Amino acid sequence: MSVKIRLRRTGALSAACWRIVVADARSPRDGRFIENIGVYDPRHDSEKMDVARMEYWISKGAQPSEPVMAIYNRQKNGKPFPARREPVKNAAPAPRALKVVEEAPAADAEAPAAE
């Protein structure tokens, strides 16, 4: 039996939250799992994982996915969740390109005198 440590989607339609689960590789993403070992919520910039259980399952041969491995490394090293860049508030809008309008020369200013 091949065991994977991966994310399982939960939450509303456009408000995803993820659980970190240990599951059989043949089971669907949101299907049956063996153990729930953590939570990842990108909307609230939070993640929590049982590092001891993660290490136990890795020692038994479970293969973590890339996102789970990134969360594990942050939790193991005590690094915080990477904060999103906040948009600049009350900033002036970007200047729009000005349309260059060429004026026609005035008739009396530049016209040669008729003789």
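Tryptophan 57 is buried, with a relative accessible area of 14%, where buried means under 20% relative accessible area, exposed over 50% and partly exposed in between (1.4 Å probe, protein chains only). Tyrosine 56, by contrast, is partly exposed at 35%. The model is predicted, so that local features need pLDDT of at least 70 and side-chain atom pairs count only at pLDDT 80 or more, while totals for chains, interfaces and linings use all residues. Residues are numbered from 1 along each chain as its sequence is written, and side-chain values use heavy atoms, with hydrogens and water left out.

A search of the whole structure finds 1 aromatic pair, which is formed by tyrosine 56 and tryptophan 57 in an edge-to-face arrangement, 5.4 Å centre to centre and with 75° between the planes. Rings of Phe, Tyr and Trp (its six-membered ring) pair if their centres lie within 6.5 Å, and planes under 30 degrees apart count as stacked, over 60 as edge-to-face and the rest as tilted.

## Elements and burial

The protein has 3 helices and 5 strands, which follow the order β-β-β-β-α-β-α-α from the N terminus; helices (H or I, at least four residues) and strands (E, at least two) are DSSP runs, numbered from the N terminus. Of the 115 residues in the protein, 28% are buried.

## Proline 67

Proline 67 lies in helix α2, which spans residues 66–77, and is partly exposed at 43% relative accessibility. Between proline 67 and arginine 6 there are 7.9 Å in space, C-alpha to C-alpha, although they are 61 residues apart in sequence.
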